[in-house]
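Reader: Could you walk me through this model and tell me what backs up each label you use?

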Amino acid sequence: MIVALLLLIPFITALALMFLRPTQQAKNVALISTLASLGVVLFAWSAYTGGTVIHYNMDWVPSWGLRFVMGYDGVGLLMLILTAMVFPFIIAAGYGEKLQHPSLVNALLLFTQTFLFGVFLAQNTLLFYIFYELSLIPVFFFLLYWGGEHRRAITVKFFIYTLLGGLSLLFGIIYCLGQGEGFNGDFATIGSLNIPTSVQIWLFWVLFLAFAIKLPIFPFHSWQPDTYAMAPLQGTMVLGAVMLKMGLYGIIKIVLPIVPQGVVHWQETVILLALIGAIYGGIIAFRQSDLKRLIAFSSLSHVGLLCAGLFAWNSYGVSGSLYQAFAHALLVVCMLYISGAMKERVGSSEMGAMGGLKVRTPRLAALFLLVLANAVALPLTQSFVGEWLMFAGLWQVNGGLALAAVSTIVLGAIYMLFAYQRVMLGPDKWALEMTDATTRDHFVLVPLIAITLFLGVYPGPILELVDVPVQQLLSSLSLN
Amino acid sequence: MRTDLLTILVPVLPLVGAIILASLRRKLSANVAGGLATALIASSFVASVVLFMGFEASTGGRTVHMLDWISVGGMDIPLALRIDALSLTMMLIVTGIGSLIHLYSIGYMHEDERAPTFFAQLNLFSFAMLMLVMGSNFLITFIGWEGVGLCSYLLIGFWYKTPEYNYAARKAFVMNRIGDVGMVLAMVLLFERFGTLEYASIMDMATGGMNDPLMIAATLFLFIGATGKSAQLPLFTWLPDAMAGPTPVSALIHAATMVTAGIFLIVRSSVLFESAPFTKDIILWIGTATALIAASIGLFQNDIKKVLAYSTVSQLGYMFVALGMGAYSAAMFHVTTHAFFKALLFLGAGSVIHALGGEQDIRRMGGLKGSIKITFITFFVGTIAISGLPLMSGFFSKDLIMAYGFQHSPVLFGLLLFGALLTTFYMFRLLFLVFYGTYRGKAHPHESPLTMTIPLMVLAVLSVIGGLLNLPHLFGGHEPMKHFLETAADAIRYEHLGLSATTEWTLMGITTVLVFTTIAMAYGRFAKRATLEGAEADMPFLKRLIAQRWRLDELYAALFERPYGWISAHLFTTVERHVMVPVMNGVGAAALAMGGVVRKLQTGNTSFHLLAMLCGMIVFLLITLMSN
Amino acid sequence: MEQGIITAIRVVPLEHYLVLCFLLFSIGVAGVVFRRNTIIILMCLELMFNSVNLLLTAFSAYHSDPRAQVFVFFIMLVAAAEVTVGLAILVMMKRNVDSVDVNQLNRLKG
Amino acid sequence: MSALVLISVLGVVLLYLGLFGNRDLLAPVGIIGLLTAFVFFAADWRLESPLFGGLVQFDSYARSFSLVLIVVTVLLFLFGIDYYAKVRENVAEQYALMLFSLIGGLLITSFSNLIVLFLGIEILSIPLYILAGGKRDSFRSGEAAFKYFVQGSFASGFLLLGLALLYGSTASFDLAAIAAHAATIGTGTDMLFLLGLFFTIAGVAFKVAAVPFHFWSPDVYEGAPTLVTAFMSTVVKTAAFAAFYRLIAHMQLPEAVHTMLIVMTICTLFLGNIVALRQTHFKRLMAYSSIAHTGFLLLAFLGFDARTADVLLYYLGTYALATVGLFIVLTLAKRAAKGDEHIHIFRGLFRSSPWLAIVTMLLLLSLAGIPLTAGFVAKYRVFVLSLANGYLLTTAFAVVMALVGIYYYVIVIREAFTPGERGLRLVVAPLNWLVISLCGIAVLALGVMPGLLRM
């Protein structure tokens with residue numbers, strides 16, 4: 001029931017929006033739909049007692065490993081919560097955007113949500129892949145139709161680049177389906193795959209490439225800044241907050257179980273790349289003048305850390321990475337929302353055009369500051385818990401890598417504070433009247449910040465969710 | 001149970017204040033906000049006092065568990081507070097001096113329209129500082145550690161319309177963060193080693209094993225953390241800049257409490273440092289160097305607060321010297337007395353600035369002792385206290401450190417003595433230039449309101465009698481503070497000043513004589529006629545170098561700041577724009593270009609097509625035949 | 001099939017037929033590829049077809065199997081049909097470009 | 001048998017109908033006839049009856065392909081109603097020629113004797129030469145016909161040579177006999193057989209436009225009338241592939257030929273996709289895309305097992321559906337754009353006719369191989385097949401080329417969904433709308449339920 005509701009609520013609403021075009025009510029309808037999804041997910045959370053909950057287990061095309069198996073375990077549930085939690089705010093952020101055809105905008109967003117739910121619910125590799133690729137389609141159109149400058153070239157670039165990974169993943173999955181008798185494509189049967197180590201070493205990259213691009217990890221990131229900067233606000237939010245988490249989820253669900261030896265072999269390389277990205281992004285972010293581009297590079301930096309933590313491949317690293325994934329989702333939405341709110345007031349997301357806004361918008365400045373605290377991972381915010389766990393995990397792998405990872409906290413402080421200064425601080429140079437935080441701003445930012453702080457002080461519920469599956473994952477893999 | 005609640009209340013009260021004030025900052029007047037904030041921190045103080053009274057030192061300490069915080073895999077880090085001698089000492093300092101400074105701020109800030117925000121941040125700071133000192137494990141301390149950093153950032157940049165202030169604020173935060181890297185690494189390392197971060201457990205486990213490389217690394221990392229927060233070389237340049245904040249902030253955060261966090265941390269983990277003598281040596285020499293360099297810079301500063309700031313750095317250096325020699329109680333003693341007299345000096349400076357309507361340049365002061373009497377007297381007390389005139393609080397604490405120094409090596413004693421004389425010199429220079437001679441400014445000095453002068457007076461008293469807290473045997477005391485702290489940190493039990501009474505008396509005598517000589521020199525130079533420094537360009541090289549703060553800021557700018565900006569810009573414009581993106585685009589472009597080339601085959605010319613087809617076929621035929 | 005003819009055909013070794021047919025075929029191919037006059041091209045195509053016919057006949061004789069010869073008739077039929085269409089197209093071409101040069105038609109390319 | 005006869009007669013009937021000037025009846029009669037033939041085919045589904053003395057064998061393989069061919073032809077006829085609405089002359093002939101060509105197609109899907117293969121290909125081709133030149137007043141149409149004719153006949157010559165050599169080597173035209181012979185020679189060399197097989201494959205490869213026999217395809221696709229192009233890229237391609245597979249299905253291919261096929265696959269994949277990147281003319285784009293798809297289909301040939309036939313059927317069927325739909329959309333857009341056939345005529349389609357744009361998107365996504373469309377399933381199954389047979393690197397190359405392929409389809413989608421300007425106002429006849437929608441929905445439905453299209 002839960003699975004069906006999660007897929008159908010956004011999907012049917014999206015179809016209705018697309019065909020009925022209730023221009024005036026579109027945003028409200030979408031908001032209600034996402035809130036309903038959130039309700040369902042929260043219900044699922046409250047009813048969750050552990051293990052993998054399978055709701056559907058049907059053959060689709062069994063001859064080639066495609067089975068309709070839907071359900072969730074702790075990690076999947078975390079991702080579902082994340083998706084469900086972020087989307088109402090993304091929809092709400094749209095109230096400020098004056099995009100044409102609001103029905104279509106919201107329909108596309110809801111389609112995306114459907115497919116994202118699908119990704120996190122799928123318990124079959126091929127089914128996962130299908131949803132994984134599908135989620136790209138609505139986003140593609142969203143960016144193409146409502147994007148900013150150079151959207152035509154950038155969107156296609158983004159699409160192709162992402163699909164490069166996707167096809168590589170498909171190739172890998174097909175290869176795996178051809179191996180081993182016991183593997184019928186379901187996550188549950190991945191354990192019966194027994195791929196020789198020599199194969200795992202190359203198969204790792206075939207599978208990982210998709211997620212490396214999606215996240216993105218350092219040398220595969222070059223689609224990201226332009227896309228983030230060009231995309232409409234909500235598009236960037238979807239990309240940054242949720243879409244990239246698919247990469248993380250995919251690594252946990254596909255890469256780690258299928259090619260554990262490959263992971264061992266490439267572990268330090270990947271961590272190194274991820275950390276290079278983290279530092280690279282952090283350094284570049286400092287001098288960016290466009291707020292959204294800055295967020296893009298900061299996201300690159302954060303995500304590099306996430307990936308490094310994940311590949312530490314111990315309970316702290318993986319749990320921390322997952323926890324941080326959650327934190328990062330909320331953070332990205334907040335950051336982008338603020339950039340949108342500032343753009344709304346100033347007319348541009350160039351920080352050169354801002355400055356001294358705190359005089360006019362003290363409430364927004366205060367909210368920004370709280371978001372900033374999360375962004376630089378001050379303790380008692382959500383990010384800190386994640387980062388701390390990741391550092392602890394990375395240290396177990398290699399002290400030097402841990403040192404590199406920890407150094408990002410300095411970079412983060414440098415660019416975030418500088419950004420804050422350039423936007424908010426300085427002399428008041430604004431002649432025009434400016435509204436401070438509106439009800440909508442509060443609606444989006446206050447709950448998100450509250451969640452951030454609450455989970456920073458009391459991370460238990462989320463950590464509990466991931467702890468057991470992560471332990472199981474690690475122990476099952478170490479057995480092989 | 002009641003004490004648990006009380007314990008929790010200590011940090012929570014200011015937090016509640018911060019939240020209330022922050023959310024109602026538009027509705028409250030400056031006085032109400034200040035009153036509320038003061039009341040809350042004062043309540044914390046009262047709670048701390050009650051806890052102190054009810055504390056039985058012999059039990060060692062008590063942990064108050066509030067919440068499970070981070071609990072995953074094998075990691076269990078609770079949100080818990082620890083009450084023991086060390087935390088109580090710090091709590092009393094933080095809440096006590098904090099209350100006074102809150103009170104002072106009511107007067108100081110009453111004209112500022114953002115006073116409620118100020119008090120909110122001040123309360124938040126108190127919360128963070130209390131978390132820092134009360135945390136039962138490293139990670140809780142780190143909450144406070146980062147929290148005070150954030151508040152420091154906010155308060156330094158409180159007057160955010162001035163870009164330089166914002167720069168100073170950022171600088172403070174970033175330099176602290178550099179230290180935090182060390183702190184985080186140290187925690188990770190300790191966790192890896194002990195599987196826990198609880199102070200109590202680590203203290204039990206970390207016995208024996210000298211010169212364990214892991215311990216040396218951990219303690220070095222901790223020390224790096226401490227240098228950031230406590231403004232030691234090479235990370236001290238932020239502190240003088242931090243004077244951009246309102247003066248009460250300078251008093252509370254950048255003199256009395258936050259900057260001593262590094263010392264606190266090292267005392268907290270003294271058991272680790274005891275097993276890493278190498279680190280202790282490094283601490284010792286860094287402390288000495290910082291003490292001397294900062295003191296030398298203090299000689300030529302003309303901003304009243306900058307002088308005090310460098311003096312703070314210098315005094316912190318002394319404390320680190322003490323730590324480096326394993327004289328933890330001496331360090332804590334100096335922390336305490338320093339908190340009294342440095343807070344007093346800063347507040348006094350604030351009172352002067354307030355009296356002169358914002359003037360901070362001592363070259364435009366002078367002769368104020370008549371017009372602002374209370375301020376003058378209290379400032380005078382502060383000055384003699386810091387200079388270590390006999391029987392003042394600074395006398396006991398500093399002499400204790402110097403005595404340990406002598407025990408360590410006479411050279412060290414000499415250096416410390418030289419530093420102390422420098423301190424005396426620049427402090428009296430400050431005193432004389434501000435209060436003696438004739439007034440060189442244009443404002444009309446007026447005495448500050450009672451809210452400001454009461455704290456001054458209280459602190460003045462404390463500065464005088466503070467020495468009683470740890471009165472040495474020499475003066476008939478029993479070093480009560482040392483014995484109290486022993487219960488919290490075993491290492492203190494073993495510290496021992498093995499000098500004979502004669503030696504001690506001699507040292508004290510030498511010091512005292514030299515101090516008075518120095519005062520006389522200063523008097524001659526600044527009190528009779530105010531000798532003002534000329535332009536820096538006219539100074540001899542060394543003097544100019546010192547006056548320009550050893551050009552450390554410039555050095556850092558050239559070494560780090562500018563290269564970082566350059567790298568950031570060029571990573572983007574060069575690497576990202578000209579390598580990463582083009583490589584990606586290049587693949588696509590190459591494919592397109594290939595398409596363009598291959599496309600040329602399709603000439604549309606039938607004969608050519610036929611020929612091409614034939615050739616292709618022949619090639620394929622050859623392939624077939626050859627692979628046969 | 002009458003035995004005499006078959007014997008007559010078999011007088012010449014099969015390889016010779018093969019070589020001859022390949023030669024003829026190659027001439028046809030070369031003509032199609034290198035000549036520009038469409039009519040000659042048509043003729044060369046016929047040459048290709050007929051060389052194959054010859055080959056088939058020879059094989060037929062050697063295999064003592066008449067089916068190939070039936071096939072030859074089919075081929076001739078098809079060739080006729082093709083030439084018909086070819087000529088029609090030639091007429092159209094002549095009308096369009098007033099030339100029978102194959103390379104006059106090269107607007108479609110790229 | 002009855003169906004074959006029926007369709008032949010149908011062609012003649014249509015010619016007569018045309019003669020008596022009853023233009024409106026042409027397509028309906030044709031469609032009814034085809035549907036009847038469809039029923040005939042479907043009726044004796046499992047019946048494996050050799051026809052014409054064993055020359056033709058309608059087994060389930062042939063039958064499945066035949067049904068697909070007929071269905072696609074019906075769709076094209078439906079499209080033809082509108083397409084030929086304004087045309088005065090020779091409409092009947094065009095329908096009739098298509099039917100004749102279809103017969104050729106049916107024959108080569110079911111041949112069991114090489115003679116029929118040749119005859120079928122010629123029956124398939126000769127009407128096409130005429131059809132390609134169907135627009136008598138169009139220079140390009142004439143050029144297309146000419147090029148197709150010359151190159152086609154040239155290739156036929158090689159095909160014939162190949163057949164003759166095969167015959168020379170095996171003394172039989174019978175497929176089974178040849179396969180048996182192929183099995184006997186094993187690894188040894190039988191030059192005649194090898195050459196024969198090579199030239200035969202070359203002849204068939206020409207029909208499916210595999211590199212290096214692809215040169216006709218872009219030019220002819222562009223020049224021919226759109227309906228004919230659609231016919232060529234669907235019916236002809238499907239039939240030719242069916243024949244290709246039938247030719248080598250039961251034969252143990254000599255290693256050398258296999259190697260040649262791999263090289264051919266790689267070249268075809270490469271050229272088709274790479275050159276398509278640079279196309280701005282939609283029909284040329286479709287031509288190169290068709291070459292690219294040939295490459296994927298050849299890949300399926302490499303991995304040669306029991307599933308291949310099914311995969312081919314599915315791939316070709318869904319490819320045909322998507323192509324038919326796209327060519328109809330193109331025709332409509334071209335009309336609105338006054339004859340322009342470049343992809344920019346699709347610009348802003350989404351704003352002027354959203355439904356059409358969405359279907360176009362679906363069809364293009366299917367060709368690109370995006371999940372939940374039939375094209376994805378098709379490509380997926382091809383990859384499975386070739387990987388299962390151990391062609392790791394070739395498959396990897398094909399995957400990369402699939403990515404390249406996505407680019408040029410997406411470019412078209414991008415045009416259709418470009419905001420800002422309102423696109424051309426398309427006039428959509430209800431029947432066309434129906435066919436397009438049908439294609440779109442079918443592509444989606446087959447993508448979700450791939451089991452619907454199988455043998």
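**Labels and what backs them**

Author: Let's start with Ala377(A), which sits in the loop between helix 14 (362-375) and helix 15 of chain A. Helices here are DSSP runs of H or I with at least four residues, strands are runs of E with at least two, and both are numbered from the N terminus. The model is predicted, so local features need pLDDT of at least 70 and side-chain atom pairs count only at pLDDT 80 or more, while totals for chains, interfaces and linings use all residues. Residues are numbered from 1 along each chain as its sequence is written, and chains are lettered from A and ligands numbered from 1 in the order in which they are written.

Reader: What makes Ala377(A) buried or exposed?

Author: A residue is buried if 20 or more other C-beta atoms lie within 10 Å of its own, exposed if 12 or fewer, and partly exposed in between, with C-beta atoms placed from the backbone. Ala377(A) has 26 other C-beta atoms within 10 Å, so it is buried. Its phi is positive too, about 60°, although Ala377(A) is not a glycine. For background, most residues other than glycine have a negative phi, and most peptide bonds are trans.

Reader: And how do you know whether Asp98(C) is buried or exposed?

Author: Run the count again: Asp98(C) has 8 other C-beta atoms within 10 Å, so it is exposed. Asp98(C) also has a positive phi, near 55°, without being glycine. Look for it in the segment after helix 4 (67-97) of chain C.

Reader: Which peptide bond in chain A is called cis, and what is its omega?

Author: The bond joining Leu215(A) and Pro216(A), with omega about -5°. Pro216(A) belongs to the loop between helix 8 (197-214) and helix 9 (224-230) of chain A. In chain D, the bond from Val211(D) to Pro212(D) is cis as well, omega being near 5°. Pro212(D) is in the loop between helix 8 (191-207) and helix 9 (216-223) of chain D.

Reader: Why is Pro459(A) called buried?

Author: Because Pro459(A) has 25 C-beta neighbours inside 10 Å, and the cut-off for buried is 20 or more. This proline is in the loop between helix 17 (439-457) and helix 18 of chain A. Setting aside neighbours within four places in sequence, Pro459(A) is in contact with Tyr323(A), Val385(A) and Ile70(B). Contact means that two C-beta atoms, placed from the backbone, lie within 7 Å.

Reader: How many residues are in contact between chains A and B?

Author: 43 residues of chain A are in contact with 39 residues of chain B. Helix 16 of chain A gives the most to the chain A side, with eleven residues. By class, that side has 31 nonpolar, eight polar and four charged residues. The classes go like this: Ala, Val, Leu, Ile, Met, Phe, Trp, Tyr, Cys and Pro are nonpolar, Asp, Glu, Lys and Arg are charged, and the others, Gly among them, are polar. Of the five pairs of chains that touch, A and B have the most contacts.

Reader: How far apart are chain A and chain C?

Author: Their nearest C-alpha atoms are 24 Å apart, and the two chains do not touch. Chain B does meet chain C: ten residues of chain B are in contact with twelve of chain C. Helix 25 (residues 606-626) of chain B brings the largest share of the chain B side, five residues.

Reader: What puts the buried residues of helix 2 of chain C on the same side?

Author: The buried ones are Cys21(C), Phe25(C), Gly28(C), Val29(C), Val32(C) and Val33(C). They cover an arc of only 125° around the axis, so they are on the same side of helix 2 of chain C. The arc is that of the directions from the helix axis to the C-beta atoms. These buried residues pack against helix 25 of chain B, helix 3 (38-63) of chain C and helix 6 (139-170) of chain D. The face turned away carries the exposed residues Glu15(C), His16(C), Val19(C) and Leu23(C).

Reader: Why is helix 4 of chain B called largely enclosed?

Author: Because 20 of its 20 residues are buried. The span of helix 4 (residues 115-134) of chain B checks out as well: at 1.5 Å a residue it should be 28 Å, and the end C-alpha atoms are 28 Å apart, which agrees. The expected span is 1.5 Å times one less than the number of residues.
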